[in-house]
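I wanted to go through one protein with its ligand and write down what I looked up. The sequence and the structure come first.

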Amino acid sequence: MRLGIVVVAAGSGTRLGASEPKAFVSLRGVTLLEHALTAIARLDEEARVVVVAPSIRLDAARDIVDRVLAPGYGSVVRGGTERQDSVAAGIAALAESGEPIDTVLIHDAARALTPTAVFARVAATVRDTSAGVIPALPMVDTVATTDGGDAITGVADRSRLAVLQTPQGFPFAAYREAIAAAEAGHTDDTSVFAAAGHPVVTVAGDEAALKITTPWDLRRAELIADERAL
Ligand code: CTP
Ligand code: MG
């Protein structure tokens, strides 16, 4: 398989405040992780998937992988303290899989309803451009910088702002070289790749790819799921 996908699902979901780690919270009867993997399973291209899960939910994650992905297409590894540690664990597992992967996508399980088309678009653009690729939406809010308190120090030009989503895609070999060379503390997926001198471009994101962070986000995602079921 030439496409590798790391699904980071090892966060605790502090801001959601549920009794389960966030990826194992149910959205209309299906866990966020299962929603995310279902979109991946619908890709035309075969993909090798690594789910990065919390230590206390490794078995639950394996059950979901076995149910949603074809045998041999998915595996589960333990996450780390920070999101970037979890990404690194997933990348290492992909590298060890022995598959001839040319393109890697890194996806948040918290963006559970991301449409299959977004994954396909990101992967195709990585191959067309050899750039890092991020799905993005136009900024609709007015955004200001502040002095860290109440005072506004500037208002951003909205036409030059974008809201970034996942999956973020990279040529696999170049991405691994970039993270190996990155200084500690310089840890965002894309900024590591850009710091190594590679271009990063956006493709169209999707409103359904919202990141479920708060209880209100979960309500919005439920509305989207309901619309799809109609
Ligand atoms: N994530 C991860 N490992 C971590 C932290 C986060 O795999 N150590 C994953 C989450 O599972 C999620 C994605 O990164 O799919 C985005 O993180 P976020 O939305 O912040 O999720 P949580 O960290 O779980 O939520 P919170 O910050 O509210 O605790
Ligand atoms: Mg977090």
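My entries follow, from the whole fold to the ligand.

**Conventions.** I worked on a predicted model, in which local features need pLDDT of at least 70, side-chain atom pairs count only at pLDDT 80 or more, and totals for chains, interfaces and linings use all residues. Residues are numbered from 1 along each chain as its sequence is written, while chains are lettered from A and ligands numbered from 1 in the order in which they are written.

**Overall.** I looked up the radius of gyration, taken over C-alpha atoms, and found 17 Å, which agrees with the value near 17 Å for a compact globule of 230 residues (the rule being 2.2 Å times the number of residues to the power 0.38).

**Core.** I then turned to the largest nonpolar core, which has 57 residues, with Val-7 among those with the most contacts inside it; such a core is a set of buried Ala, Val, Leu, Ile, Met, Phe, Trp, Tyr and Cys residues joined through C-beta atoms within 7 Å, and buried means that 20 or more other C-beta atoms lie within 10 Å of a residue's own, with C-beta atoms placed from the backbone.

**Helix H3.** I noted that H3 covers residues 83–96 and reaches 20 Å from its first C-alpha to its last, and that its buried residues are Ser-86, Val-87, Ala-89, Gly-90, Ile-91 and Leu-94. Just after H3, Gly-98 takes a positive phi of about 80°.

**Ligand 1.** I found 22 residues around ligand 1, Ser-86 being one of the closest (near means a C-beta atom within 6 Å).

Key:
A residue is buried if 20 or more other C-beta atoms lie within 10 Å of its own, exposed if 12 or fewer, and partly exposed in between; C-beta atoms are placed from the backbone. Helices (H or I, at least four residues) and strands (E, at least two) are DSSP runs, numbered from the N terminus. The expected span of a helix is 1.5 Å times one less than its number of residues.
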